[in-house]
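Dear colleague,

My findings follow directly after it.

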Amino acid sequence: MDYLPIFLDIRSARVLVVGGGEVAARKVGLLQGAGARVVVVSPELCPRLAAAKAAGEITHIPRVFTVADVAGARVVIAATNHASTNKRVYQAATAARVPVNVVDHPALCTFIMPSIIDRSPVLVAVSSGGTSPVLARLLRARLETLVASTYGALAAFMARHRPEVRQRITSPTQRRRFWERVLQGPAAELLLAGEENAAAEVFARELAQPEGGGVGLVSLVGAGPGDPDLLTLRALRLMQEADVIVHDRLVAAPILALCRREAERIDVGKDAGHHAVPQGRINQLLVELATSGRRIVRLKGGDPFVFGRGGEEIDALVEAGIPFQVVPGITAALGCAAYGHLPLTHRDYAQSCVFVTGHCRKGDLALNWEALAKPHQTLVFYMGVAALATISRELVAHGLPRSTPAALIERGTTPKQRVLTGTLADLPDIVAQEAIEPPTLIIIGEVVRLHDRWAQGRGAQASELRAAG
């Protein structure tokens, strides 16, 4: 290693910063975050540092640097535009055996300031040894997506319970195994989801049987409308940690490919008129799997709570005493409309938006048609292709003009996406002529006019780009 990674305790310590510009201000912010008493030596201060001085957050010595300024400092940072000053700071600090960092000059540093991922008390530092700060920042950005913002709460929870665990489990080896199991189990996952009370209950159960055998955790995860890039970071992490994936038919194959390869996959998909696995059996299956102590991801297309029957599954889990969490996903209405360049609301066209299920039960689509057939409103029908003739007929019968713009978005957000526009009156004919198949979203309202306008604009831009090329 070119450098020894260490973490310094500088709480209440005097730290010297030489320089008063924006670079110095960024370093001062980091030092203040670590609790240092910051002294800035510089003839002038940038606005940020001037504000910090006015607020009493820093001590300012308004002159050029002198060797005597190093006395009593725990750490020294030089951030000036003068090479000679930076070198004098380095020489004075090394002579006094005080750690010194000269910004962007690795040869004049006895320590390197890393890129930091702050999940206090958990800290992750990334450094390129001063050779490429930009690379270190890029690596930090990638790691940020892997280290959840709630890891600090998880570490604090462990700190609070360490004495209790030490008292209950006297063997160091058994304690280590216990903590490993907890950190990979439902208690930790609930903490990362912000469910501290539920986590405490699960933890108490785990501690009561430290040799294992507790129940698992069910995570109801929204997989979004189809594009894997629309998954949330938490969804992706849970998919890659799961022991079992219970998924719907609408979960796209590229999304399933991102799940942990060793995980068992169970397809409980449904489509119109055919339920491969009845909902009651799905509920029972989730309970059975969790009782075996495994981590279950119930992967649902779109969002679990938007026509996804997630509430019924949670009822079953609650009744059985199974811990659970819900990870929202981008529902089809939002994702498909965005990818189809079609706003759901617009100040000039629609001031409200209504999500409706078009799923027929025993051939009867019993909806409040009068409330739906309102002007200045966008209607989004899920699962409505089979009932499209009824939808069109009833909306017209209750007051919507036959000429009301409408759109069909088939396989939205995927490479096979199709967007077809027309009117409320001709939607059924479009479905028949174009052989539209589920999953297809139906959007009805004046906002659909914008799709055609924007499509023309995008075509003109593409032609201009081709001509320029």
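**Findings**

Strand 8 (residues 217-222) and strand 13 (residues 295-300) are paired in the parallel sense over 6 bridges; two strands pair if DSSP finds at least two bridges between them. Helices (H or I, at least four residues) and strands (E, at least two) are DSSP runs, numbered from the N terminus. This is a predicted model, in which local features need pLDDT of at least 70, side-chain atom pairs count only at pLDDT 80 or more, and totals for chains, interfaces and linings use all residues. Residues are numbered from 1 along each chain as its sequence is written, and side-chain values use heavy atoms, with hydrogens and water left out.

Within this pair, valine 218 stands opposite isoleucine 296 in strand 13. Helix 11 (residues 279-291) packs on the sheet and touches strand 8, strand 9 (244-247), strand 10 and strand 13, where contact means heavy atoms within 4.5 Å. The direction of helix 11 makes about 155 degrees with that of strand 13; axes are lines fitted to C-alpha atoms, for helices over the stretch in contact, and angles run from 0 to 180 degrees between N-to-C directions. Helix 12 (residues 310-320) also packs on the sheet, touching strand 8, strand 13 and strand 14, and its direction makes about 170 degrees with that of strand 8.

The sheet concerned is open, with 5 strands in the order 10-9-13-8-14 and parallel pairing. Its edge strands, each pairing on one side only, are strand 10 (264-267) and strand 14 (324-327).

A further open sheet of 5 strands has the order 3-2-1-4-5, again with parallel pairing. Here the edge strands are strand 3 (59-61) and strand 5 (100-102). Strand 1 (residues 14-18) and strand 4 (residues 75-78) pair in the parallel sense over 4 bridges, and valine 15 stands opposite valine 75 in strand 4. Helix 3 (residues 83-95) packs on this sheet, touching strand 1, strand 4 and strand 5.

As to the chain as a whole, there are 17 helices and 19 strands. The radius of gyration is 30 Å, whereas a compact globule of 469 residues would have one near 23 Å; the value is taken over C-alpha atoms, and the globule rule is 2.2 Å times the number of residues to the power 0.38.

Regarding confidence, the chain averages a pLDDT of 90, pLDDT being the predictor's confidence in each residue, from 0 to 100. Over residues 460-466, pLDDT stays under 50, and the model has 0 contacts beyond four places in sequence for them.

Yours sincerely
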